[in-house]
Amino acid sequence: MRYDSVTDVIGGTPLVRIDAAVHGLRNIDLFAKMELFNPFGSVKDRAAWNMVRHRLAGAAERAETVVELSSGNTAKALAVIAGMHGLPFRSVTNRMRVPEIKDLLLLLGAQIDELPGQSECLDPTDTDDPLTRMYHTVSAAGGGYLHTDQYFNDLNVEAHVRGTGPEIIADLDGRAPDYFIACVGTAGSSTGVARVLREHDPEVTVVGLVAEKADFIPGIRDIDEVHEVGLFDPDVYDTIEAVSSDEAIDGLLTLVRRCGTLAGPTGGGAYQGAVRYLRRLDAGLTGRRTAVFIVCDRVESYMSYLRERRPALFQQPDRTHSVRTLTAEDLAATRTIGVSDAQEWIAKENPLVVDLRSPFAYRALHIDRSINIVDDLFAEMLHGGLPFGRRQPVLLVCPVGEKSASYAALLTRMGHPDVRSLAGGVIAWRDAGAELVRD
Ligand SMILES: Cc1ncc(COP(=O)(O)O)c(C=O)c1O
């Protein structure tokens with residue numbers, strides 16, 4: 001095989017059967033679409049290339065900078081492609097949560113701008129949000145930016161209409177699978193593939209997988225966040241189900257240890273979500289069916305993510321003081337407090353207000369006299385025991401009140417008598433017109 005450019009190697013990934021002895025489905029042949037074999041390592045190579053390739057001619061002469069709001073695989077692919085064409089690449093994000101990917105981007109010469117997003121997720125309608133302001137700046141024509149705009153760009157979907165979808169049909173001897181299961185980030189891959197499969201066979205069932213709320217699976221969104229994506233159309237999916245990071249890691253371990261497939265967490269989530277969905281149907285089927293799921297990227301970038309969630313895999317002791325060990329009873333015991341009650345409580349009892357958002361979000365706007373301990377660091381602190389005296393009341397604050405509720409439950413379980421979580425987070429505080437300050 002000989003190619004003139006590494007970008008010619010993008011796509012054409014294999015469809016590989018998962019051994020029935022592993023997945024245990026009796027009437028369904030399950031196949032993995034191996035997007036991890038793309039040259040820069042993920043399904044996003046297709047979208048990245050399709051979004052820039054027509055715009056590269058003359059871009060260096062016009063001194064353009066390729067820019068994208070991504071902290072993951074799209075940024076990685078664009079950084080490589082930009083470098084190949086003598087263009088700088090800028091990754092604008094509110095928080096780089098996967099350290100290996102941040103390091104790789106820096107190695108590739110990317111400029112990383114971690115900007116404060118109040119909700120830590122782009123909300124294009126919030127004109128006060130610095131991330132949104134940046135989004136509008138780079139989107140403006142003639143500004144020296146080649147903004148690929150993956151969350152709104154139809155060329156993202158088109159990459160899969162032209163490539164991924166037809167490849168699946170060709171590898172199934174001209175037939176569409178009965179079931180197609182994919183994780184949803186920008187929604188580009190699931191929307192594009194679903195379109196092609198349905199044109200071929202309107203009966204195809206499409207299952208979209210999102211992360212469970214307040215959980216984190218790098219590369220995909222939760223059900224609320226996904227609605228903020230311009231490309232997302234709920235009608236594409238017959239059903240949308242949530243997978244937890246725990247399920248994603250279980251799936252990853254099956255693929256890595258038993259299937260010779262070095263999948264990352266979303267590949268694991270897609271496998272686990274697919275098997276969970278298909279098991280419910282399997283026993284009732286009379287004829288044979290075919291299902292396809294996408295393995296989006298590779299495991300190597302996620303070692304710190306895995307170590308933090310499953311220390312035992314790396315021969316490290318389990319962490320007892322972790323939000324991941326919370327039970328339903330722990331969560332039921334959480335004390336939440338609404339904005340006006342919180343204002344009153346602050347005025348009367350002066351609780352320590354701990355803002356768990358990123359330093360960038362905190363720096364932009366925060367509750368007066370609050371302190372900032374980003375949630376990752378806070379989690380680390382709690383492993384050592386209670387970080388506050390028991391007589392110090394504590395109010396925990398996060399973007400929308402979900403993370404803070406988990407940490408309030410954990411602190412309560414650890415024996416703190418008066419820790420509360422701000423219901424609705426900074427967003428509710430802002431929407432109520434309560435004062436936010438900037439240092
Ligand atoms: C690791 C990973 N898996 C899955 C996805 C989802 O793909 P899409 O953006 O096409 O919905 C992404 C997207 O960024 C990703 O990075």
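Predicted model: local features only at pLDDT ≥ 70, side-chain atom pairs only at ≥ 80, totals over all residues.
Me: With which side chains does the side chain of Asp418 make a polar contact?
Reply: Leaving out residues up to four places away in sequence, Asp418 touches Arg335, Trp345, Pro393 and Val394. A polar contact at 3.1 Å joins the side chain of Asp418 to that of Arg335. A polar contact at 3.0 Å joins the side chain of Asp418 to another arginine, Arg420.

Me: At what angle do helix H15 and helix H16 pack?
Reply: Two packed helices are described by the angle between their axes and by the distance between those axes. For helix H15, residues 375–383, and helix H16, residues 402–413, the axes are 12 Å apart. H15 counts as roughly parallel to H16, because angles under 35 degrees are classed in that way. The angle itself is about 10°.

Me: What classes of residue make up the contact of H15 with H16?
Reply: On the side of H15, the residues that meet the other helix are Asp375, Phe378, Ala379 and Leu382. On the side of H16, they are Lys403, Tyr407, Leu410 and Leu411. Sorted by class, the contact has no polar residues, two charged ones and six nonpolar ones.

Me: Is Lys33 buried or exposed?
Reply: Lys33 lies in strand E2, which covers residues 28–34. Beyond its neighbours within four places in sequence, Lys33 is in contact with residues including Thr13, Arg46, Glu167 and Phe293, and a polar atom of its side chain lies 2.8 Å from the backbone oxygen of Thr13. Because its relative accessibility is 0%, Lys33 counts as buried.

Me: How many disulfides does the count come to?
Reply: A disulfide is a covalent bond between the sulfur atoms of two cysteines, and a pair is counted here when the sulfur atoms are within 2.5 Å. The sulfur of Cys183, a buried residue at 7% relative accessibility, is 5.7 Å from the closest cysteine sulfur, that of Cys296, which is too far for a bond. Cys259 is in no disulfide either, since the nearest cysteine sulfur, again in Cys296, is 16 Å away. The count of disulfides comes to zero.

Me: Is Cys259 buried, partly exposed or exposed?
Reply: Buried residues are those under 20% relative accessible area, and exposed ones are those over 50%. Cys259 has a relative accessibility of 22%, so it counts as partly exposed.

Me: What is the phi of Asp149, and in which loop is Asp149 found?
Reply: Most residues other than glycine have a negative phi. Asp149 is not a glycine, yet its phi is positive, and with a relative accessible area of 18% this residue is buried. Asp149 is found in the loop between strand E6 (145–147) and helix H6 (154–171), and its phi is about 55°.

Me: Is Gln315, which has a positive phi, buried or exposed?
Reply: Gln315 has a phi near 55°, a positive value in a residue other than glycine. Gln315 lies in the loop between helix H11 (303–309) and helix H12 (328–332). Because its relative accessible area is 76%, Gln315 is exposed.

Me: What distance separates the C-alpha atoms of Ala211 and Val226?
Reply: Ala211 lies in strand E8 and is buried, with a relative accessible area of 3%. Apart from neighbours within four places in sequence, the residues in contact with Ala211 include Ile217, Ile220, Ala242 and Val243. Along the chain, Ala211 and Val226 are 15 residues apart, and the separation of their C-alpha atoms is 9.7 Å.

Me: How far apart in space are Ala21 and Arg258, C-alpha to C-alpha?
Reply: Ala21 lies in helix H1, residues 20–23, and at 59% relative accessibility Ala21 counts as exposed. In sequence, Ala21 and Arg258 are 237 residues apart. In space, from C-alpha to C-alpha, the distance between Ala21 and Arg258 is 9.9 Å.

Notes: Residues numbered from 1 in each chain as written. Heavy atoms only, no water. Buried < 20%, exposed > 50% of the residue type's maximum accessible area, 1.4 Å probe, protein only. Helix = DSSP H or I, 4+ residues; strand = E, 2+ residues; numbered from the N terminus. Polar contact = N/O pair within 3.5 Å; in protein donor to acceptor, adjacent residues only side chain to side chain. Contact = heavy atoms within 4.5 Å. Axes fitted to C-alpha atoms, helices over the stretch in contact; angles between N-to-C directions. Parallel < 35°, antiparallel > 145°, perpendicular 65-115°, else oblique. Nonpolar A, V, L, I, M, F, W, Y, C, P; charged D, E, K, R; others polar.
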